[in-house]
Amino acid sequence: MTEPRIRMPRVAGAAYQALEEVEQTLRKIDTLDHKLRELVKIRASQINQCSVCLDVHIREILTLGEGPERIFQLDVWRESPYFTEPERAALGLTEAITRLGEDGVSDEVWAEAEKHYDAEELGNLVMTISLINAFNRISVAAKQRPRVRKYFDAPSS
């Protein structure tokens, strides 16, 4: 395993800490289900191929009592029977924001999310998705890797 290119918390401490504070604020004010927040973070991290964030958020969702079936099926959520319609709307929005193209987030994807979430929940969902994408990009650019440990060790903070 290689060393990271750069240790962002050390070299960009104040800015990195500000992102961490946004995360803590979201946790305090967020009206979304905690498992949903973690599913969204895991899905964005899968798309962005961020091994650090996958490690952290899979461990986190396991501590929340999520079973392995939905985690295993997350990459194929459209075909999987394990997700509710609100979760599907959130995952669709996650993919649209994570893979922003020239047209941004389609009206269809947004309308589907609006069917299941009120304005405050949508705002928190957009912030959660945007923030995990920022952390993914930082970790991938820095070539950060998760600490090797036993599968069922507690998540690190």
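**Salt bridges and cores**

Mentor: Start with D75 and R43, whose side chains form a salt bridge at 2.8 Å, N to O. This is a predicted model, so read each distance as computed. The bridge joins distant parts of the chain: D75 sits in the loop between α5 (68-73) and α6 (85-98), R43 in helix α3, and 32 residues separate them. D75 is partly exposed, at a relative accessible area of 47%. R43 is buried, at 4%.

Stay on helix α3. The side chains of K41 and E23 meet in a salt bridge, 2.7 Å from N to O. E23 belongs to helix α2 (residues 13-29) and K41 to helix α3 (residues 34-48), so this pair ties together parts 18 residues apart in sequence. Here both partners, E23 and K41, are buried. E23, R27, R37, E38 and K41 are linked in a network of salt bridges.

Now a local case. E85 forms a salt bridge with R88, with 3.7 Å between the closest N and O atoms. Because E85 and R88 are three residues apart in helix α6, about one helical turn separates them. E85 is partly exposed, with a relative accessible area of 45%. R88 is buried, with a value of 16%, and the cut-off for buried is under 20%. Across the whole structure, a search finds 15 salt bridges.

Turn to the nonpolar side. The largest nonpolar core has 12 residues, among them L36, V40, A89, L93, A113, L122 and I129. Helices α3, α6 and α8 (119-142) are the elements that each give two or more residues to this core. Helix α6 supplies the largest share, four residues. So the helix that holds the E85 and R88 pair also gives this core its largest share.

Look closely at A113, a member of the core. Setting aside its neighbours within four places in sequence, A113 is in contact with A89, L93 and L122. There is also a second, separate core of 10 residues, including L26, C50, I132 and F135. In soluble globular proteins, nonpolar side chains tend to be buried together.

To recap, follow helix α3. Through K41, helix α3 is tied to helix α2. Through R43, helix α3 is linked to the loop between α5 and α6.

Terms used. Residues are numbered from 1 along each chain as its sequence is written. This is a predicted model: local features need pLDDT of at least 70, side-chain atom pairs count only at pLDDT 80 or more; totals for chains, interfaces and linings use all residues. Side-chain values use heavy atoms; hydrogens and water are left out. A salt bridge is a side-chain nitrogen of Lys or Arg within 4 Å of a carboxyl oxygen of Asp or Glu. Buried means under 20% relative accessible area, exposed over 50%, partly exposed in between (1.4 Å probe, protein chains only). A nonpolar core is a set of buried Ala, Val, Leu, Ile, Met, Phe, Trp, Tyr and Cys residues joined through side-chain atoms within 4.5 Å. Contact means heavy atoms within 4.5 Å.
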